[in-house]
Amino acid sequence: MEPQPIYKLRNRSFAVMALIAMSLVGFVAYRFATFRMFPDPPEAKPFDATVWKAPSSSDFDSDVRAAMLGDLLARHDFTGWSRSRLETLLGPADDTGLESRSVGAPANWDLGYRAGTDWIDFRVLVFDLDSNDKVASYQVELY
């Protein structure tokens, strides 16, 4: 076999490198075009205490609780509820002693129930209890 001139080898190498680069650019463009920075919220579902209490529903990557959160908050005003009444409906808290990350003075929340994610933040239904172990306030916080 006769040796190839150096310019033919360079042209082949350049063509292979260009093909790889174009493939990479195409892949990145495709991923960018299909990436959803703000995913759609989960489809709303009626609150179901049994489903809410299931161990897998408290995983941050699960949207099971997030789908039921709107209905839960529309049905119940938790102000004045005792801790035992709250835990009867929602089960034991996933987190305790949480500090608020909201703008303003930090608040400390006694109980927290994980309710999925909101883009990159974790959504948690938090409750503040008074000295009588009754719900003084509650809200959805992002952590």
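In which sense do β1 and β2 pair, and over how many bridges? The legends below take up this pairing and its surroundings in a predicted model.

**Figure 1. Overview of the protein chain in the predicted model.** The chain holds four helices and four strands. Read along the sequence, these elements follow the pattern α-α-α-α-β-β-β-β. Of the 143 residues, 24% are buried. The accessible surface comes to about 9,800 Å², and carbon and sulfur atoms account for 59% of that surface. Among contacts between residues at least 6 apart in sequence, 45% join residues at least 24 apart.

**Figure 2. The open sheet of four strands.** The strands are arranged in the order β1-β2-β3-β4, with antiparallel pairing. β1 (95-99) and β4 are the edge strands, each pairing on one side only. From one strand to the next, the twist averages 40°. Strands of a sheet pair through backbone hydrogen bonds, in either a parallel or an antiparallel arrangement.

**Figure 3. Pairing of β1 with β2.** To answer the opening question, β1 and β2 pair in the antiparallel sense over four bridges. Within this pair, Leu 98 stands opposite Trp 109 in β2.

**Figure 4. Pairing of β2 with β3.** Six bridges join these two strands, which run antiparallel. Thr 117 has Phe 122 in β3 as its bridge partner.

**Figure 5. Pairing of β3 with β4.** β3 and β4 run antiparallel and are joined by seven bridges. The bridge partner of Leu 125 is Val 140 in β4. Helix α4 packs on the sheet, where α4 touches β2, β3 and β4. The direction of α4 makes about 20° with that of β2.

**Figure 6. The buried and exposed sides of helix α4.** Helix α4 spans residues 83-90, and its residues Leu 86, Leu 89 and Leu 90 are buried. Seen down the axis of α4, the buried residues fall within an arc of 80°, so they line one face of the helix. Ser 84 and Thr 88, on the other side of α4, are exposed.

**Figure 7. Gly 91 and Tyr 113.** Gly 91 follows α4 and has a positive phi, near 85°. The backbone oxygen of Gly 91 lies 2.7 Å from a polar atom of the Tyr 113 side chain. Tyr 113 belongs to strand β2. Is Tyr 113 buried or exposed? Tyr 113 is buried because its relative accessible area is 0%, and a residue counts as buried under 20%.

**Figure 8. Glu 141 in strand β4.** Glu 141 has its place in strand β4. Its relative accessible area is 2%, so Glu 141 is buried. Which side chain makes a polar contact with the side chain of Glu 141? The partner is the side chain of Gln 139, at 2.5 Å. In a regular strand, side chains alternate between the two faces of the sheet.

Technical notes:
Residues are numbered from 1 along each chain as its sequence is written. This is a predicted model: local features need pLDDT of at least 70, side-chain atom pairs count only at pLDDT 80 or more; totals for chains, interfaces and linings use all residues. Side-chain values use heavy atoms; hydrogens and water are left out. Buried means under 20% relative accessible area, exposed over 50%, partly exposed in between (1.4 Å probe, protein chains only). The arc is that of the directions from the helix axis to the C-beta atoms. A polar contact is a pair of N or O atoms within 3.5 Å; within protein, one must be able to donate a hydrogen and the other to accept it, and residues adjacent in sequence count only if both atoms are side-chain atoms. Two strands pair if DSSP finds at least two bridges between them. Axes are lines fitted to C-alpha atoms, for helices over the stretch in contact, and angles run from 0 to 180 degrees between N-to-C directions. Contact means heavy atoms within 4.5 Å. Accessible areas come from the Shrake-Rupley method with a 1.4 Å probe; for residues, only the protein chains shown count as cover.
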